Amino acid sequence: MTVLFLFLLLFLLMFIGVPIAASLGLAGSITIMLFSPDSVRSLAIKLFETSEHYTLLAIPFFLLSGAFMTTGGVAKRLIDFANACVGHIRGGLAIGAVLACMLFAALSGSSPATVAAVGSIAIAGMVRSGYPQAFGAGIVCNAGTLGILIPPSIVMVVYAAATEQSVGKLFMAGVIPGVMLGLALMIAIYIVARIKKLPALPRASFRQWLRAAREAFWGLLLMVIILGGIYSGMFTPTEAAAVAAVYAGFVALFVYKDLTIRECPKVLLESGKLTIMLMFIIANAMLFAHVLTTEQIPQQITAWVVELGLQPWQFLLVVNIVLLVAGAFMEPSAIILILAPILFPIAIQLGIDPIHLGIIMVVNMEIGLITPPVGLNLFVTSAVTGMPLTSVIKAAWPWLMLLLSFLMIITYIPAVSLGLPNLLGM
């Protein structure tokens, strides 16, 4: 009865247009007041506990780092470097956009930030060179999802906080899947470009490539600082995020000088707004998860699934269906915080590696970012290009099929996710 009331109230509130964060908080609070012996004061304590979660401190710092990188012209230099590397191949500008998304993903940890930073420059460049605008929009909208798969990733930080797993191990598990998906998109673009006879840039000379690499060096160095610092044991992922924010600010202000001291408060304010929005969702989602836990709902569902006698592959198929449906309607962090406490104990019981489950959830969240009606990347691409939302959905749809095929590979070949962490003895 409690479970039914909790979820019915959540969906009712969302259906009548209450924001997702408020819906989660209200559903959890009302359920506790009506059905639980817990005091209402426990809700306030839970909200404060959420804000004190050490792992979640990485989120505001990665958002600030991404804001400095986006405003400070790093994206343009990464795109120039990517074009110098692969622009001479047929469809090279689109392949370069995917490479730029992969590089920027390794700096920002956010998919919408990746789409906004790369899309605002790359799509316009493709249109000028004779590419259809819809083609460019579809590519960047899909490639931007790499922002949450290639480490560092804000969604991985949230999963680690919800399930008490190692952030560093999750980051390492995302490397091979992220590179694989990027390469798959590049190969698909090359095939389409050959069929449609899309243009290619003149081959960059070694001197031009060297100049582009030198310009992008400071941005690329941030990847080395973040991942190198974490895996060398120099600092934790949360400390790495703080270092990244300071470094990104220094590069934008004093190296590239694309940002002035006077513009800094605006960048801080924008990243602050994003942080508050995301942390408010996370706090309310954790409140909702707290209700699930106190009512022993995950344990009851685990026992029920075990009694059904589901095989691990059948359970993972159900997980994918549930996550794909949820991803079309909700924000990734909220989905992870609601469903991870339910799915995690079942996965452990069935012998599924929790890190593997984490990567499956992240790939599902990637797909959720480009599926209507709430796909965030669709809205960002529409804003960047000025295209109607319906046109962006139509442009992104063919590439979505590639992501769904990739999801099957990630789900049923655990070695893709776990190979690198196991190799490094993590």
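Student: Is Thr238 buried or exposed?

Tutor: Buried means under 20% relative accessible area, exposed over 50%, and partly exposed in between, with a 1.4 Å probe and protein chains only. Thr238 has 7% relative accessibility and therefore counts as buried. This is a predicted model, in which local features need pLDDT of at least 70 and side-chain atom pairs count only at pLDDT 80 or more, while totals for chains, interfaces and linings use all residues. Residues are numbered from 1 along each chain as its sequence is written, and side-chain values use heavy atoms, with hydrogens and water left out.

Student: Where is Thr238 found, and which residues is Thr238 in contact with?

Tutor: Helices are DSSP runs (H or I, at least four residues), numbered from the N terminus. Thr238 is found in helix α12, residues 237-255. Contact means heavy atoms within 4.5 Å. With neighbours within four places in sequence left aside, Thr238 is in contact with Tyr54, Thr55, Leu57, Ala58 and Phe61.

Student: Which residues touch the most other members of the largest nonpolar core?

Tutor: A nonpolar core is a set of buried Ala, Val, Leu, Ile, Met, Phe, Trp, Tyr and Cys residues joined through side-chain atoms within 4.5 Å. The largest has 153 residues, and Ile59, Leu149, Ile282, Leu339 and Met361 touch the most other members. Helix α6 (residues 92-108) gives the most to this core, 14 residues. Not counting residues up to four places away in sequence, Ile59 touches Ile154, Val157, Val158, Leu278, Met279 and Ile282.

Student: What is the volume of the largest pocket, and which residues are closest to its centre?

Tutor: On a 1 Å grid over the protein atoms alone, a pocket is an open set of points where a 1.4 Å probe fits, with protein on both sides within 12 Å along at least five of seven lines; lining residues have an atom within 4 Å of a point. Grid points are joined across faces, edges and corners, and a volume is the space filled by probe spheres set on the points. The largest pocket has a volume of about 1100 Å³. It is lined by 44 residues, and Ser110, Pro112, Leu274, Met277 and Leu376 are the closest to its centre. Helix α13 supplies the largest share of this lining, nine residues.

Technical notes. Helices (H or I, at least four residues) and strands (E, at least two) are DSSP runs, numbered from the N terminus.
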